[in-house]
Amino acid sequence: MTITIKDIANKAGISAASVSRILTNRGRFSEKTAQRIRQLANDMGYYKNQSAADLSQKESRVIGVLVPTTHTNFADEIIKGMQNKAFELGYELLIAFAETNSQQQIQTVKSLLSRQLLAVVMLAVDIEDSVFDVLTSANVHLLSVSNQLNNVIPSISSDNYAMMHTIVDYLYDHGHRQMALIGASNPDPIVAVLRRQGFIDALADHGITYNPDFIWGVETAYQTGLDAIKKFGTPLPFTAVIGSADIISIGLLNGAKDADIVVPNDLSIVTVDGTELTQLTRPILTATQQNFAKMGELAVTNIADQSLSPHTVIFTDITLNSGGTVATIV
């Protein structure tokens, strides 16, 4: 038999309205009473019918999240941040994985939109116009996280352009003048475009003309890092390299070892993302750490507040953490 709010109210000796306010975390009630009702609901096996609740409130409290099927080593951190804030504010997440094929993306998006949603968050997903049209035609809030799709929907991410300036300045201060950027040569994604331009402009600020051959690698993959070392050969034509993702930088580190290139004496490496993976390498990778958990929290908070205009871009802070993969050239 399905347990209802009325059953809990009868057992607790309070009104059904009071039980409902406690279980939906709305209105005023004492914490002592709330703990008793929540424990009673749990003991009785109560499960909230979210669909019915959404219909009665005329507003969904479910947030759809589109996650790319291609591996990223930071998606979990964003989702954890979203989940923590969603639990705190009384929202739920519905996660769907988006393929790279546009037709499959459309099918996934339509399936997601068949549910009653408040919003759809695109987590580091690059989508084609046909898919975007399906999303914008739906009556839901849209938000891009860890990516800037366009100026039609709001976004929350790191400032990828400024990030490259931070890294290049750091390497320059350590004596490096020949630098490469690996994993950001894909011409289309906005993140790659911003990182390339930031890299080029930062070099120019220091009077260095960039070598277009030193921006290489399309895939955000371990193999990209391995292949980069093989491509440029030994001795390497640069003293420092920026890996556009931790998984790429680990490939660079291991590729260097395979080629008897000593890090950091022969090659300095700075990685972008700064996830837990950077603590597993030896030497530990010097990293620009993005605050992915904060991105997730801000996503849910701003959806709940409905405070983002279409052109809003929110940048979270980055931190450059020195590891053992950058040497100083005298």
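This is a predicted model: local features need pLDDT of at least 70, side-chain atom pairs count only at pLDDT 80 or more; totals for chains, interfaces and linings use all residues.
Of its 47 lining residues, Ala124, Asp126, Asn147, Pro189 and Thr220 sit closest to the centre.

Which elements each supply at least two residues of that lining? Here they are:

| Element | Residues |
|---|---|
| Helix 7 | 129–136 |
| Strand 5 | 155–158 |
| Helix 9 | 190–205 |
| Helix 12 | 292–305 |

Helix 9 is the top contributor, giving four residues to the lining.

Six strands make up an open sheet with mixed pairing, and their order runs 7-6-8-9-10-12. Strand 7 (215–216) and strand 12 (318–321) are the edge strands; each has a single partner strand, so one side of each has no neighbour in the sheet. Further in, strand 6 (residues 179–182) pairs with strand 8 (residues 240–243) in the parallel sense, over four bridges. Within that pair, Ala180 stands opposite Val241 of strand 8. As a rule, strands of a sheet pair through backbone hydrogen bonds, either parallel or antiparallel.

Last stop: helix 2. This helix covers residues 16–23, and Ser18, Val19 and Ile22 are buried in it. Looking down the axis of helix 2, you'd find its buried residues within an arc of 100 degrees, so they line one face of the helix. Helix 1 (5–12) and helix 3 (31–44) are among what covers them. Just after helix 2 comes Asn25, which takes a positive phi of about 60 degrees.

Terms used: Residues are numbered from 1 along each chain as its sequence is written. Side-chain values use heavy atoms; hydrogens and water are left out. Two strands pair if DSSP finds at least two bridges between them. On a 1 Å grid over the protein atoms alone, a cavity is a set of points where a 1.4 Å probe fits but cannot get out, and a pocket is an open set with protein on both sides within 12 Å along at least five of seven lines; lining residues have an atom within 4 Å of a point. Buried means under 20% relative accessible area, exposed over 50%, partly exposed in between (1.4 Å probe, protein chains only). The arc is that of the directions from the helix axis to the C-beta atoms. Contact means heavy atoms within 4.5 Å.
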